[in-house]
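Here is a short walk through one protein model. Take a look at the structure, then read on.

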Amino acid sequence: MSDAVDRTRLQIIRADDLVTRTMDRVEETTDVVHKTVISPVRQMAGIVTGLTTGIGAFFGRRAGQQPEDSPQDEEMFI
């Protein structure tokens, strides 16, 4: 009986080590993906947003403003 309990404890310890190592690797992989993919994508999105806003300001448009030559809703009614 004592031998079976010792073997069970050993297997539980091994399983715990396996799960711990797996979780550590998942965390490391998540950090690497965040540093190499997500951060640069956010930076590029910020740059594109800034450029879009700057170009819109340069041409005198405000966010959500329609161009002057576009028809108004009232003009489209018959």
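This is a predicted model: local features need pLDDT of at least 70, side-chain atom pairs count only at pLDDT 80 or more; totals for chains, interfaces and linings use all residues.

Ile55 sits in helix 1, which covers residues 2–58.

Ile55 also belongs to a group. Together with Met44, Ile47, Val48, Leu51, Phe58 and Phe59, Ile55 forms a nonpolar patch on the surface. The accessible area of these residues together is about 790 Å².

Now take two members of that patch, Phe58 and Phe59. Are they buried or exposed? Phe58 has a relative accessibility of 68%, so Phe58 counts as exposed. Phe59 has a relative accessible area of 59%, so Phe59 is exposed too. The cut-off for exposed is over 50%.

How do their rings sit? A pair of aromatic rings is described by the distance of the centres and the angle of the planes. The count of aromatic pairs in this model comes to one. Phe58 and Phe59 form that pair, with 5.2 Å from centre to centre and 80 degrees between the planes. The pair is edge-to-face, because planes over 60 degrees apart are classed that way.

Step back to the whole protein. The secondary structure comes to two helices and zero strands. The protein has 78 residues, and buried residues make up 1% of them.

How values were computed. Residues are numbered from 1 along each chain as its sequence is written. Side-chain values use heavy atoms; hydrogens and water are left out. Patches are made of residues with over 30% relative accessible area and no salt bridge: like charges are joined within 9 Å, nonpolar side chains (Val, Leu, Ile, Met, Phe, Trp, Tyr) within 5 Å. Accessible areas come from the Shrake-Rupley method with a 1.4 Å probe; for residues, only the protein chains shown count as cover. A salt bridge is a side-chain nitrogen of Lys or Arg within 4 Å of a carboxyl oxygen of Asp or Glu. Helices (H or I, at least four residues) and strands (E, at least two) are DSSP runs, numbered from the N terminus. Rings of Phe, Tyr and Trp (its six-membered ring) pair if their centres lie within 6.5 Å; planes under 30 degrees apart count as stacked, over 60 as edge-to-face and the rest as tilted. Buried means under 20% relative accessible area, exposed over 50%, partly exposed in between (1.4 Å probe, protein chains only).
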